Amino acid sequence: MKTLIRGGTIVTEQGTFPGSVLIGDGKVLRVFEVPDGPVEADEVIDASGKYVLPGAVDIHTHMDLDVGIARVIDDFHTGTVAAACGGTTTIVDHMAFGPKGCSPWHQVKEYHRLADGNAVVDYGFHGVLQHVNEQVLEDMAQIAKEEGITSFKIYMTYDFGLDDLDLMKILQRAAKEDILIASHCENHGIVTYWRERFAREGKTQTKWHPVSRPAEAEAEAVSRLLYLAQAAGEAPVYIVHLSSLKGLEEMRKAKAAGQKHFGAETCPQYLLLDEKLYDDPQEGLKAVMAPPLRKQEDRDALWEALGNDELDTIATDHCPFTFAKQKQQGAEDFMKCPSGAPGVEERLILLYSEGVIKGRITLPQLVKYACANPARVAGLYPRKGVIEAGADADVVILDPEKEWTMTTGRMHGNADYTCYEGMKIKGAVDRVLLRGKTIVKEGEFCGARGDGQYLKRGKSVLV
Ligand code: MN
């Protein structure tokens, strides 16, 4: 069966052009600029007046995450339906920790159990390192080879954060095995100091949450991670959810000093939402996450860095809990609030409406940050993240003119709120194809549970 998408404007990292995409057996067969002449196809999709983008790739989600005090409300089915409706056809999910002392294999098996047969978009996993010894490092290398899990996450804070000696052992081995180490960068001492002090002083309203996790905590950890990576032989590292100007400045310093093999992601919440949200003790709960929301100057700096091609990716850190119940665990004490927020569905259209329409990034940059670079970082390029012959036929058809208001009722995941409630949006995801099959039509999901395939990933490419 052959499908032809015609009449639209194709968007690549290099630019835009009027063109058609011919699809067969789940792959892109040809891309041609108009006029394309007569082409044989069983199905013709008219994309007139619309943009045709590669299926978006979100390499930071937490489906079905168990954080101990709560379990994320989206599983791999509902969470990927939301992803699909937002134009995301590939996710790479960050695993939860397993039981204390378990082998990294434990969670690999657990995550296949959670995702296989449930996901409706293609998916991979980042491994997680919760402690370090020779066997764990052996397992990491073996998991990369056998499972195609070529990236592992480490945390520099929380009680399960790793110390510098642990990190050196991991980074040194990762450099040797071409494994990407993704890091949550916050200084543990700074965060713990403030949390303990605020607990003693009864400063437990959400307005103290951002004060307890200041930008300095992020900047110090970013800087230390980059020096450790260098000391370990330029180990490839990836900074997840960069939130602050100070953190960004540490990256700039490393880049100016000639360091290579590192990259950074930011997320829509750090580009669009303000820490003033925490002043309201109820609304603030919705945005309890780590790192916290920042100030206007941070958002301006991150947008500017995106405009200047200084960052690598925009992911979501999708980690939804219900506001009505789960988030209320923090009603009296923000430290008891499960940390995270929904976002997997909102990402692409927010970046279009707030980024492209408002002139902060270009359309080709949107494709770079939301599609192509995430695929490169995850070791999935050029199978994913690009519309060219031989790539998987993952396509988003975006209606650039449609205007609508973002509300919880229009979202497709299980969360009972969106952080962007009431936001006026220009542009809408009209149709989504996963490996040639339409899974979203006129904005509504029409695929099937289990349509998603597990992705064995290759070596990460940092650009
Ligand atoms: Mn996360």
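**Metal site, cores and one buried aspartate**

Colleague: Are His60 and Asp317 buried or exposed?
Modeller: His60 is buried, and Asp317 is buried as well. Keep in mind that this is a predicted model.

Colleague: Which protein donors does the manganese ion have?
Modeller: They are His60 through NE2, His62 through NE2 and Asp317 through OD, lying 2.1 to 2.2 Å from the ion. Along the chain, the donors follow the spacing H-x1-H-x254-D.

Colleague: And where do His60 and Asp317 sit?
Modeller: His60 is in strand 6 (residues 56-61). Asp317 is in the loop between strand 13 (313-314) and helix 12 (347-356). The pair is 257 residues apart, so it links distant parts of the chain.

Colleague: Switching topic. Where is Asp312?
Modeller: Asp312 is in the loop between helix 11 (296-307) and strand 13.

Colleague: What is the nearest side chain of opposite charge to Asp312?
Modeller: That is Lys255, 4.9 Å away. A salt bridge has to be within 4 Å, so Asp312, though buried, has none.

Colleague: Which backbone nitrogen does the side chain of Asp312 reach?
Modeller: The one of Ala264, at 2.8 Å. Asp312 also touches other residues, including Phe262, Lys368, Tyr369 and Val463.

Colleague: Now the core. How many residues has the largest nonpolar core?
Modeller: It has 116 residues. Those with the most contacts inside it are Ile154, Ile181, Ile239, Met251, Leu311 and Leu366. Apart from this core lies another, of 14 residues, with Ile10, Phe17, Ile45 and Ile397 among them.

Methods. Residues numbered from 1 in each chain as written. Predicted model: local features only at pLDDT ≥ 70, side-chain atom pairs only at ≥ 80, totals over all residues. Heavy atoms only, no water. Core = buried A, V, L, I, M, F, W, Y, C linked by side-chain atoms within 4.5 Å. Buried < 20%, exposed > 50% of the residue type's maximum accessible area, 1.4 Å probe, protein only. Donors = N, O, S within 2.8 Å, 3.2 Å for Na, K, Ca; no water. Helix = DSSP H or I, 4+ residues; strand = E, 2+ residues; numbered from the N terminus. Lys, Arg positive; Asp, Glu negative; His and termini not counted. Polar contact = N/O pair within 3.5 Å; in protein donor to acceptor, adjacent residues only side chain to side chain. Contact = heavy atoms within 4.5 Å. Lists of a residue's contacts leave out its neighbours within four places in sequence.
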